[in-house]
Every structure is written in C-alpha cells, then in structure tokens.
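Work through the exercises below with the model open.

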Amino acid sequence: MADQADKNDSIELVAECLCKAHRFTAQVSRSALPLSAAYCHCDSCRRLTGALYSTYIPWPGSYDAIRASSLRRYKFSESITALSCGVCSGPLFAETAAGSDAPNYGVVTGALTNLAVPNLLKISHHIFVGDTKDGGATPWLCDANPDGTRPQVWGGHRGQGQEYSSTEHTHWPLPIANAPVPEETPVRCHCGGVDLVLRNPIADFAAKDRSELPGFVDPSSNKLLGLFDCCDSCRMSSGVDIFHWTFVLLEHLAFPNQSQSSTLSPQASFPKSSIELKRAISAPSETRDPRWGTLTFYSSSPDVQRYFCSRCSACVFYAADERPDTLDLAIGLLHTKNGSRAEELVSWEFGAKMTWRQDVVSGWRERLIESVEGAADAWRIERGLPKNWRRIQKEEKETAAKKE
C-alpha cells in the first residue's frame with residue numbers, strides 16, 4: 001500500500017526529442033509542483049531557437065543519463081552548453097558550469113510531454129527582455145500561470161537591470177507606422193552557420209494586384225502573416241511551447257551579397273522551390289554550394305522538411321512539398337532593427353485560435369494556450385490595433401459554418 005501511495009504522490013516527467021532518439025525521465029513529487037520555469041528573451045536565445053525566447057526548468061532527475069547520452073553539444077556561451085539531438089535538432093538541455101562543481105542541467109519545456117497535470121509549471125521570471133526592444137512575447141506570457149501569480153520581468157539577468165511591470169505593457173513602444181523595410185533583412189542563426197537574407201517582400205507585393213497576393217500576405221499592409229503555433233512537432237523541434245512562424249516565397253530569399261547579374265551560374269542562384277532547396281541541401285559535400293553553411297533538414301513526415309542548423313540546432317524553415325514556392329520562416333532569426341516581433345515585416349494574428357490547438361487538449365499546456373490567446377487579444381485591444389485580416393477570415397468562416 002505504501003508503494004501505491006508513493007506512486008500516486010508522484011508523476012513521471014518525460015523529455016524527448018522529435019525523432020524519439022532521446023528520451024529522459026524523472027520522478028517528481030506532486031508536492032513539489034509547480035516547477036519553476038524561466039523564459040529568456042535575449043538576442044542569443046532567439047538565434048539559438050528560432051523562437052522569440054527560450055524556456056527552461058531545472059531538470060529534477062538524475063544527471064547521469066544526460067552525461068552518458070550522445071546528445072550534440074554546442075558551446076552557447078562561456079558557461080552554458082546547449083544539448084540537442086543530432087538527428088532532428090530537437091533541443092533538450094542546457095548544461096551550466098558552476099565553477100569547480102559539477103554542472104547543472106535545465107530542460108527545455110517544449111521537450112516535456114503534455115501531462116494531464118494542470119499545475120505542472122509556473123513561469124517565475126522573464127529575463128533579458130531589454131534585448132527585444134518591443135517586449136517580444138512578454139505581453140502575452142504574463143497571464144499564463146494557472147494559480148494567477150505573475151512572473152517578474154527583467155531587462156537583464158534576474159535581479160539586474162530594469163524591472164518591468166508584468167501587468168502594464170505601455171512602456172513598450174508601439175510599432176512605427178510605415179517603418180521603412182531594408183532591402184535585405186538578415187536571417188542568421190546563433191553560430192552564423194546559417195546566413196541568408198530576406199529581400200524586401202512588401203515592395204514586391206505592393207506592386208501586385210490584390211488577387212495575385214499569396215494567402216499569407218495582408219492585403220492592406222502587404223506584410224507577412226505572423227502565426228502562433230502550438231503543434232507537438234514544432235515545440236519538440238524548437239524547445240518552446242509556442243512557436244512563431246512567418247511565411248515567405250523562396251524568390252524573396254537569397255545569399256548575402258548575392259549579385260543580381262544574369263551571368264551567375266545556376267549554382268549561384270537561390271532555389272525557387274522547396275523541391276530544389278531539398279535537392280541543393282542533400283547534394284554531396286564535394287558539389288554542395290558552401291554558402292549553405294550548416295543548413296540541413298529532418299523529414300518529420302515523407303513530404304515535410306524541417307530545416308535547422310546542424311551546429312547550434314536553430315530552427316530555420318518548415319517546408320511542405322504540397323506548396324513548393326513557400327517556406328515557413330522562424331521569426332526569431334530575423335535580424336530587424338525595431339524589435340524582436342519584426343512588426344515592420346509581420347502582421348500578427350493576435351488573439352486568434354492557435355494552429356494545431358488540438359495537440360494541447362487535456363494536458364498542462366491547454367491552460368497556457370488559452371491564457372496566451374486571451375492575453376494577446378487584450379493586448380491588441382489595449383494598443384488600439386484592429387484584428388488581423390486572417391483572423392477575420394477565420395471567424396467569418398466559423399460563423400458561416402454554424403449557420404449551416
């Protein structure tokens with residue numbers, strides 16, 4: 001009976017990567033819940049994940065299995081090493097050196113299975129929010145704790161620099177109206193192994209008839225759709241529970257300083273379809289264009305490629321064979337001047353139901369997703385912004401379907 005009581009008083013925490021090559025478990029007492037999560041919004045973490053932040057909790061299990069694993073190691077900073085799967089790129093742990101002591105390990109929350117434990121995690125603090133310039137994702141992540149408590153929000157490290165309010169977000173500047181978009185915006189991971197540029201798509205779309213615009217382009221502003229995604233595959237690929245994608249045509253991507261000369265060899269031009277991109281990345285090393293650097297991919301299904309940096313593990317693109325001219329692009333890799341949300345380029349779907357929301361039903365993430373959806377909409381209203389055109393389209397379809 002005692003053994004059964006101990007079993008009921010604990011849960012098994014599971015962390016795994018997308019391809020399931022790596023799986024780690026830990027027994028956690030229910031009395032120790034919620035586990036404290038920290039969100040980091042620094043420039044470096046955004047370049048490491050491709051997301052708007054990174055998020056960790058202290059790993060409550062044994063460190064021996066982590067040390068003995070074949071996880072890929074990347075020296076993120078002087079004291080931190082990132083550990084990820086070398087096959088699918090899924091991040092799992094951060095190893096933090098502690099002087100002469102043995103290192104500590106934090107696990108990325110996106111790798112945790114969606115246990116039916118509502119109070120599994122609590123966000124304790126956000127750090128390095130000052131790097132975002134616009135608050136990043138914090139305006140919709142401060143209402144997410146199931147017990148109603150609010151995290152501390154720091155401009156720098158915890159307890160350092162300016163402390164921001166977690167209830168008022170008016171201190172962050174509104175996006176600059178008609179902010180100029182540079183001819184090229186760098187798309188670069190943390191280690192610099194993936195180094196590409198996004199050519200200004202807005203000017204191109206502005207010159208087109210509205211009927212010719214791709215479905216991911218705002219017909220009023222010509223900006224690119226900014227999406228909230230909570231699918232299982234994206235979280236295990238990035239290490240974060242909510243990933244943010246935008247969408248681009250391959251014709252708007254290029255290598256840095258790529259000449260527009262018509263005398264370029266075919267190898268020198270950027271692929272115009274995801275099929276060509278897959279072929280270019282899969283080329284033998286002796287014929288592969290060196291400008292692809294560390295870009296590689298994992299096929300999470302037969303017709304899908306998830307592109308990432310093979311050195312630092314940053315998510316870069318999502319490609320599907322059924323839409324060969326378009327890629328999903330990780331917003332965290334955009335090096336923009338006005339803020340991490342890249343609002344000079346991106347039209348955000350604030351407050352809309354997240355894509356793949358069905359993946360979080362009945363687990364601890366369901367409450368998180370509901371809170372973020374509501375907080376993002378409240379923040380949109382507070383800023384005096386209209387609903388995103390894509391959200392209006394979705395709601396009109398839902399209303400029409402209910403009437404049928």
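On a 1 Å grid over the protein atoms alone, a cavity is a set of points where a 1.4 Å probe fits but cannot get out, a pocket is an open set with protein on both sides within 12 Å along at least five of seven lines, and lining residues have an atom within 4 Å of a point. Points are joined across faces, edges and corners, and a volume is the space filled by probe spheres set on them. The model is predicted: local features need pLDDT of at least 70 and side-chain atom pairs pLDDT 80 or more, while totals for chains, interfaces and linings use all residues. Residues are numbered from 1 along each chain as its sequence is written, and side-chain values use heavy atoms, without hydrogens and water.

**Exercise 1. Describe the second largest cavity.**

Step 1. The second largest cavity holds about 80 Å³ of space.
Step 2. Its lining has 16 residues, and L48, T49, Y56, P91 and V108 lie nearest the centre.
Step 3. Two or more lining residues come from each of α2 (43-49), β4 (54-58), β6 (80-84) and β7 (91-98). Helices (H or I, at least four residues) and strands (E, at least two) are DSSP runs, numbered from the N terminus.
Step 4. Sorted by class, this lining has nine nonpolar, seven polar and no charged residues. Here Ala, Val, Leu, Ile, Met, Phe, Trp, Tyr, Cys and Pro are nonpolar, Asp, Glu, Lys and Arg are charged, and the others, Gly among them, are polar.

**Exercise 2. Count the cavities and describe the largest one.**

Step 1. Four cavities reach 30 Å³ or more.
Step 2. The volume of the largest cavity is about 130 Å³.
Step 3. Of the 15 residues that line the largest cavity, L121, A144, P146, W364 and L368 are nearest its centre.
Step 4. At least two lining residues each are supplied by β3 (35-40), β9 (121-127) and α7 (364-382).
Step 5. The lining of the largest cavity comprises nine nonpolar, three polar and three charged residues.

**Exercise 3. Locate the backbone features in the loops.**

Step 1. Between L33 and P34 the peptide bond is cis, with omega near 0°. P34 sits in the loop between β2 (23-29) and β3.
Step 2. F128, a residue other than glycine, has a positive phi near 55°. F128 belongs to the loop between β9 and β10 (152-154).
Step 3. S362 is not a glycine either, and its phi is positive at about 75°. The loop between β21 and α7 contains S362.
Step 4. F128 has a relative accessible area of 26% and is partly exposed, whereas S362, at 53%, is exposed. The cut-offs are under 20% for buried, over 50% for exposed and in between for partly exposed (1.4 Å probe, protein chains only).
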